Amino acid sequence: MRERIELPDTDFLDFDWHRSRIGETRKLVIVSHGLEGHARKKYVLGMAHIFTGLGFDAACWCQRGCGNEPNRLPRSYHSGETDDLHAVITHCLSTGRYDEVSLIGFSMGGNQILKYLGESPDRIPPQIISAATFSVPCDLDATERMIALPSRHIYFEYFMRGLRRTIREKGERFPNEIDSAQLHGIKTLRDFDDRFTAPSNGFKDAAEYYTRSSSLQFLKDIRIPTLLANAQDDPFLGPECYPLREAEANSNLFLEMPEHGGHVGFVLNGGNNVYWSEKRAAQFLTQNEN
């Protein structure tokens, strides 16, 4: 079932409810997708299916501009956006249905969750008890440098297809705010973020956007059990995205670095279409239930 949240700035967020297949529940997982994803991506639906089978409800939300309908404002999502995540959490808790809520995030959505948990721990509702994140670019500058490598060009083009489409659509609706002609000559994600993401979201440039939005600096302040699983063969992640020192210094942060998994892959041989990330999230979050 799809539902829409109205936001204080007059925009909106859409998300899908997936109800427990076991019966009424007081437990919820909120699932955040990655860059140019949406709430009905296979990896999102797979996670929702695992948890509804374990007696959880699941709320899978779309970042601004990633739903079926264009958003009302010129701005779009970005990797450091946490107010929208907080709005989703607040809305789900306002139903009065849930005593325990866990957060699950992939890639960009994982970075948002880690940043959210560490940047202002006192604003996190007490019902949020744990989190699990996968393939997280916790240092955005390092990640951009990896994606800019010639060997990663196919991934860059994959992301840019959707980003170009979004900018052209917004340029038609908001010609005074969005100049789609600036798409010409973009060769890296840093170019795109310099011209579009940063100015649309109050950052001076891509460098400031990456610095302020990377979750790495906030890991030390996470106060609830949180899994960060980044595969060693992830083609997007530089060495800075494997925060060994931060995990050693914070007993609430559990860093795992499986040998294989790629970026939001984690396929299991003979796994009956169940991903390692789904099994690991289920193990981690259920063992940290109250």
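Helix axes here are lines fitted to C-alpha atoms over the stretch in contact, and angles run from 0 to 180 degrees between N-to-C directions. The model is predicted: local features need pLDDT of at least 70 and side-chain atom pairs count only at pLDDT 80 or more, while totals for chains, interfaces and linings use all residues. Residues are numbered from 1 along each chain as its sequence is written, and side-chain values use heavy atoms, with hydrogens and water left out.

**Helix packing**

Helices are DSSP runs of H or I with at least four residues, numbered from the N terminus. Contact means heavy atoms within 4.5 Å.

- The crossing of helix 5 and helix 6 is left-handed, that is, the near helix is turned anticlockwise from the far one by less than a right angle; clockwise would be right-handed.
- Phe156, Met160, Leu163 and Ile167 of helix 5 touch Leu189, Phe192 and Phe196 of helix 6.
- This contact of helix 5 with helix 6 has seven nonpolar residues, no polar and no charged ones. Nonpolar covers Ala, Val, Leu, Ile, Met, Phe, Trp, Tyr, Cys and Pro; charged covers Asp, Glu, Lys and Arg; the others, Gly among them, are polar.
- Helix 1 (residues 42-52) packs on helix 9 (residues 276-287) at an angle of about 40 degrees, their axes being 10 Å apart.
- The pair helix 1 and helix 9 is therefore oblique, the class left over once angles under 35 degrees (roughly parallel), over 145 (roughly antiparallel) and 65 to 115 (roughly perpendicular) are set aside.
- Helix 1 passes helix 9 in a right-handed crossing.
- Tyr43, Gly46, Met47, Ile50 and Phe51 of helix 1 meet Ser277, Glu278, Ala281, Ala282 and Leu285 of helix 9. The contact of helix 1 with helix 9 comprises seven nonpolar, two polar and one charged residue.
- Helix 4 and helix 7 pack at an angle of about 125 degrees with axes 8 Å apart, and are therefore oblique to each other.
- On helix 4, Leu140, Asp141 and Glu144 meet Tyr209, Tyr210 and Ser213 on helix 7. Three nonpolar, one polar and two charged residues make up the contact of helix 4 with helix 7.

**Cavities**

On a 1 Å grid over the protein atoms alone, a cavity is a set of points where a 1.4 Å probe fits but cannot get out, and lining residues have an atom within 4 Å of a point. Points are joined across faces, edges and corners, and a volume is the space filled by probe spheres set on them.

- The structure holds two cavities of 30 Å³ or more.
- The largest cavity has about 480 Å³ of space. It is lined by 33 residues, with Leu35, Ser79, Asp193, Thr197 and Tyr209 closest to its centre.
- Helix 4 (140-147), helix 5 (153-173), helix 6 (189-200) and helix 7 (206-213) each give at least two residues to the lining of the largest cavity; helix 6 has the largest share, six residues.
- The lining of the largest cavity has 17 nonpolar, 11 polar and five charged residues.
- The second largest cavity has about 40 Å³ of space, and its lining includes Phe12, Asp14, Cys62, Arg64 and Gly65.
- Four nonpolar, four polar and three charged residues line the second largest cavity.

**Largest pocket**

A pocket is an open set of points with protein on both sides within 12 Å along at least five of seven lines.

- The largest pocket has about 360 Å³ of space.
- Its lining has 19 residues, and Glu36, Gly65, Gly162, Arg165 and Thr166 lie nearest the centre of the largest pocket.
- Three nonpolar, eight polar and eight charged residues form the lining of the largest pocket.
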